[in-house]
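Here is a walk through one structure, taken step by step. Keep the sequence and the 3D view side by side as you read.

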Amino acid sequence: MGMGVVNGGVEPFRGEGTSPAERRIIGVLCAAYAAATLMILPFAADPGPVVPAVTTTFGTGVLIADLCTGYLLLVQFRAVPSLPMLLLAVAYFYSAAMALLHVLAFPGAWIPDAPLIGNPQSVGWLFIVWIVGFPVLVLAAVVAEASPLRVEFARRHVGRATTGAVIGTLMVVAAITLATTAEQAWLPQQLQGNVFAAWGNAAQWMAVALSLAAFVAVVVITRWRSLLYCWLGVAMIAFMAFNALAVSGGARYTVGWDLSRVSGLVSSSLLLVFFLGQFARLQRSLAGALLRLRTANETLEQRIVERTEELQASNRNLQKALAERNVLLREVYHRVKNNLQVIDSIIAIQAAGLGATPPEEVLNDLRNRVHTLGLVHQQLMASDDLETFDVAPFLTELGANLSFSTAGERTGIAIAVESDRLIVGLDFAIPLGLLVTELVSNAVKHAFSDESGRAVRVRLERRPDDALLLSVADNGRGHTGGQGTMPGGGGFGLGIVEALVIQLDGKMDTSSAGGTLVRICIPFSKAEP
Amino acid sequence: MNHAVTCVLVVDDEQLIALGLSIALRDMGFQVCGTAATAARAVELAREHRPSLVLMDVRLKGSSDGVDAALEIHRTTGTPIIFITGSREPETLARIHLDHPADILFKPVLPAHLEKAIARLKETGAI
């Protein structure tokens with residue numbers, strides 16, 4: 001049947017489903033309309049007001065309403081090209097044309113006491129052809145909705161089908177006009193005065209029956225599932241009442257006749273009102289959608305602005321970070337080169353003071369110094385800020401390294417390290433580390449002659465007078481050769497130790513009671529990163 | 001050596017580097033009239049010893065750098081100055097060129113580099 005099936009969302013009217021509440025309202029409306037009509041029928045023949053303008057008003061109203069409805073149904077047909085829609089459009093165009101002819105042929109509708117076209121008999125024939133033809137076409141449309149009969153047109157045939165339907169309708173109407181208004185000696189007289197002949201009444205009752213049949217077809221075939229057909233059903237009830245009242249009234253200007261015109265107008269207006277209601281709903285939802293769209297647009301623009309600002313800020317941060325990174329990298333390279341120069345200098349100083357030192361010992365000393373530099377960088381890498389670190393664990397590790405990289409471990413000399421916690425930077429840690437390396441190496445190499453209980457103690461403490469005190473003590477023989485250190489520098493009176501002490505702005509003193517004790521006092525400000 | 005070089009002043013805030021350079025100079029037969037770690041000390045030593053050549057590091061301890069010291073020494077004694085720097089950055093080089101450097105050497109510097117630079121200066125008669 002295809003009524004309740006929403007066809008890809010392109011059926012804005014016909015495909016409108018109905019809610020149970022709507023179906024109930026439509027049902028009650030049909031029943032009430034039919035009941036009201038039945039209640040009026042006994043009084044239909046009573047004389048009613050004689051208003052000649054009734055026909056003009058009725059005919060013109062039906063003409064306009066049916067024309068509009070026919071046009072809208074045709075629009076609907078172009079959206080969903082099915083045969084029922086085309087037949088329905090044809091039915092309303094036909095009704096519009098017949099309403100026009102009815103007014104033109106009705107005596108007194110335009111000019112006093114005479115029809116504009118045809119003769120006094122024409123209006124009767126035209127009326128009968130109208131009221132029988134319209135429900136027949138509607139019935140055909142509704143029956144065509146039944147699934148085995150339902151025909152859909154191919155898109156490319158829609159234009160031709162539309163044109164054909166309109167031209168066909170016009171040709172039929174033209175033929176009817178000619179047949180009823182020209183010479184109608186061959187047509188039986190069906191008006192006696194302004195009253196239908198008996199078979200004319202039969203024709204009107206047939207129109208009542210056809211309207212009822214169309215209504216039943218709507219109920220049976222569409223099962224109230226489409227709002228358009230629901231209203232078409234109401235229109236059929238009104239059309240049935242239109243004819244029943246007219247035939248019961250019997251003559252013009254009876255109660256039945258007058259009310260039949262009203263019902264006819266109602267019948268033709270119902271689908272138009274339905275369409276207008278749909279338009280209003282679409283209009284409302286469109287306006288709502290536009291409003292939402294505008295709000296969404298504004299939100300979107302706002303978000304774009306915010307996002308752009310975020311991106312620009314993040315870009316600026318990145319550029320800043322990049323610039324900082326470049327500065328840092330340059331700084332690192334600079335320090336690497338400086339350290340290489342330091343290593344080169346250490347080698348030069350060592351070479352200048354070589355004397356009779358065995359080459360493997362010289363090379364081992366060099367490797368210890370390079371390793372100390374490496375250890376400082378390792379501490380930096382492991383630190384959180386990559387710039388400073390605690391000197392205590394560094395000295396502990398350095399002591400441990402020296403205990404097995406110098407002769408210490410081999411010869412059973414214990415190297416103990418004790419240090420206060422102190423956060424330092426590269427510029428302090430390198431000379432300090434090298435100083436400890438030199439002093440410990442020298443102590444291990446030169447301080448001991450016997451084999452028992454040998455120990456080297458390294459201690460870094462922060463004194464109350466805000467000076468740092470580095471002390472390296474051994475319990476050896478208090479050897480000759482200056483201190484536990486060997487002055488080098490080949491003639492400059494400076495060795496690595498002295499150079500490092502100067503580097504740290506330190507003061508060094510040596511005592512040799514119960515071994516050698518070297519004490520170096522460094523201003524605390526040197527250690528501050 | 002047939003040259004009129006009386007002595008060389010070494011300026012570097014790394015004592016080990018200053019010492020290493022001093023040893024290199026001594027091995028080339030030059031006398032080192034002192035080492036300085038700050039710009040002020042460098043100017044002071046230059047006034048005192050009137051060296052025929054200064055080896056100048058750019059980064060020094062304290063607020064003034066090697067270029068400040070070099071400009072001052074140039075002004076007072078006119079001694080040619082060889083800059084020794086770890087940085088090849090345009091900013092540093094531009095700053096060095098504020099003075100009229102006799103030469104620029106980049107760390108790490110080997111004794112051979114130093115010897116060549118001094119030989120060039122001798123050829124041009126700068127020292």
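A salt bridge is a side-chain nitrogen of Lys or Arg within 4 Å of a carboxyl oxygen of Asp or Glu. Keep that rule in mind for a pair that spans two chains. Lys61(B) and Asp505(A) form a salt bridge. Their closest N and O atoms are 3.4 Å apart, so the pair falls within the 4 Å cut-off. The model is a predicted one. By the rule, three salt bridges cross the interface of chain A and chain B.

Which elements give two or more residues to the side of chain A that touches chain B? They are helix 8 and helix 13 of chain A, the latter covering residues 496–503. Helix 8 supplies the largest share of that side, with 14 residues. By type, the side of chain A that touches chain B divides into 13 nonpolar, nine polar and six charged residues.

Now take the interface as a whole. Chain A brings 28 residues to the contact, and chain B brings 22 residues. Nine residue pairs are in polar contact between chain A and chain B, both partners being at pLDDT 80 or more. The size of an interface is often given as the accessible area lost when the parts come together. Here, chain A and chain B bury about 2,200 Å² between them. Carbon and sulfur atoms hold 60% of that buried area.

Next, look at chain A by itself. Its secondary structure comes to 14 helices and nine strands. The chain has 529 residues, and buried residues make up 46% of them. Its accessible surface comes to about 25,500 Å². Of that surface, 64% belongs to carbon and sulfur atoms. Consider also contacts in chain A between residues at least 6 apart in sequence: 75% of these join residues at least 24 apart.

Return to helix 8, which runs over residues 255–352 of chain A. Ser267(A) is found in this helix. Is Ser267(A) buried or exposed? Its relative accessibility is 2%, so Ser267(A) counts as buried. Leaving aside residues up to four places away in sequence, Ser267(A) touches Tyr92(A), Ala235(A), Ala238(A) and Phe239(A).

A second residue sits in a loop. Ile413(A) lies between helix 11 (408–411) and strand 4 (414–419) of chain A. Its relative accessible area is 6%. Buried means under 20%, so Ile413(A) is buried. Gly453(A) is 40 residues away from Ile413(A) along the chain, yet their C-alpha atoms are separated by 7.7 Å.

Key
Residues numbered from 1 in each chain as written. Chains lettered and ligands numbered in written order. Predicted model: local features only at pLDDT ≥ 70, side-chain atom pairs only at ≥ 80, totals over all residues. Heavy atoms only, no water. Helix = DSSP H or I, 4+ residues; strand = E, 2+ residues; numbered from the N terminus. Buried < 20%, exposed > 50% of the residue type's maximum accessible area, 1.4 Å probe, protein only. Contact = heavy atoms within 4.5 Å. Buried area = accessible area lost by both parts, 1.4 Å probe. Polar contact = N/O pair within 3.5 Å; in protein donor to acceptor, adjacent residues only side chain to side chain. Nonpolar A, V, L, I, M, F, W, Y, C, P; charged D, E, K, R; others polar. Areas by Shrake-Rupley, 256 points an atom, 1.4 Å probe, with all protein chains shown as cover.
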